[in-house]
Amino acid sequence: MTHAHRDLLGPPPETLLPANPEADAALAAGTPAAEVAASHPTVSAAWAQLAEDALAGGRVIEAYAYGRTGYHRGLDALRRNGWKGYGPVPWSHEPNRGFLRCVTELAKASEAIGETAETQRLTELLRDCDPTLAP
């Protein structure tokens, strides 16, 4: 007789970051991302916008630095909200998007400077957080 192995604890729960209404409103109103990051340095969405703008402007090292900052700020926020280093961080939850955008931009910047192992690690992190994000 064979017994199928079951995970009695189940999968880890989704981690849903809290919104920052003041920072979100400032970004939505077109306040420069640098101003929002200076006023709200823990908000990954501001760092993500800075990284996206830098990468679009061909400033790869700036994009890397901004992406790395937002990535670490996002990791801190995720841990404060129960994330254990794995498990779903869904894109569908708007406040998660700043962190996920930072991971994406950091992966792009890492690839641009030839940091292959980092690019692969970040791509895996995106897949782990939300499989729809990284092909």
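**View 1. Buried residues of helix H3 in the predicted model.** In this predicted model, the residues of helix H3 that are buried are Ser 44, Ala 45, Ala 46, Trp 47, Ala 48, Leu 50, Ala 51 and Ala 54. These buried residues pack against four helices, namely H1 (21-28), H2 (33-39), H4 (60-80) and H5 (97-112).

**View 2. The length of helix H3 and what follows the helix.** Helix H3 runs over residues 44-56, and because each of its 13 residues is taken at 1.5 Å, the helix should span 18 Å, which agrees with the 18 Å between its end C-alpha atoms. After H3 comes Gly 58, a residue with a positive phi, near 80°.

**View 3. The largest nonpolar core and a second core.** Among the 20 residues of the largest nonpolar core, those that touch the most other members are Tyr 71, Val 89, Phe 99, Val 103 and Leu 125. At least two residues of this core come from each of H4, H5 and helix H6 (116-129). A second core, separate and made of twelve residues, includes Ala 23, Ala 26, Val 43 and Trp 47, and Trp 47 is also one of the buried residues of H3.

**View 4. The surroundings of Val 89.** When neighbours within four places in sequence are left aside, Val 89 is in contact with Thr 15, Leu 78, Trp 83, Asn 96, Phe 99, Leu 100, Cys 129 and Asp 130.

View 5. Thr 119 lies in helix H6 and counts as buried because its relative accessibility is 13%, under the 20% cut-off. Its side chain reaches the backbone nitrogen of Glu 111 at 3.0 Å, and, not counting residues up to four places away in sequence, Thr 119 touches Ala 107, Ser 110 and Glu 111.

Key. Residues are numbered from 1 along each chain as its sequence is written. This is a predicted model: local features need pLDDT of at least 70, side-chain atom pairs count only at pLDDT 80 or more; totals for chains, interfaces and linings use all residues. Side-chain values use heavy atoms; hydrogens and water are left out. The expected span of a helix is 1.5 Å times one less than its number of residues. Buried means under 20% relative accessible area, exposed over 50%, partly exposed in between (1.4 Å probe, protein chains only). Contact means heavy atoms within 4.5 Å. A nonpolar core is a set of buried Ala, Val, Leu, Ile, Met, Phe, Trp, Tyr and Cys residues joined through side-chain atoms within 4.5 Å. A polar contact is a pair of N or O atoms within 3.5 Å; within protein, one must be able to donate a hydrogen and the other to accept it, and residues adjacent in sequence count only if both atoms are side-chain atoms.
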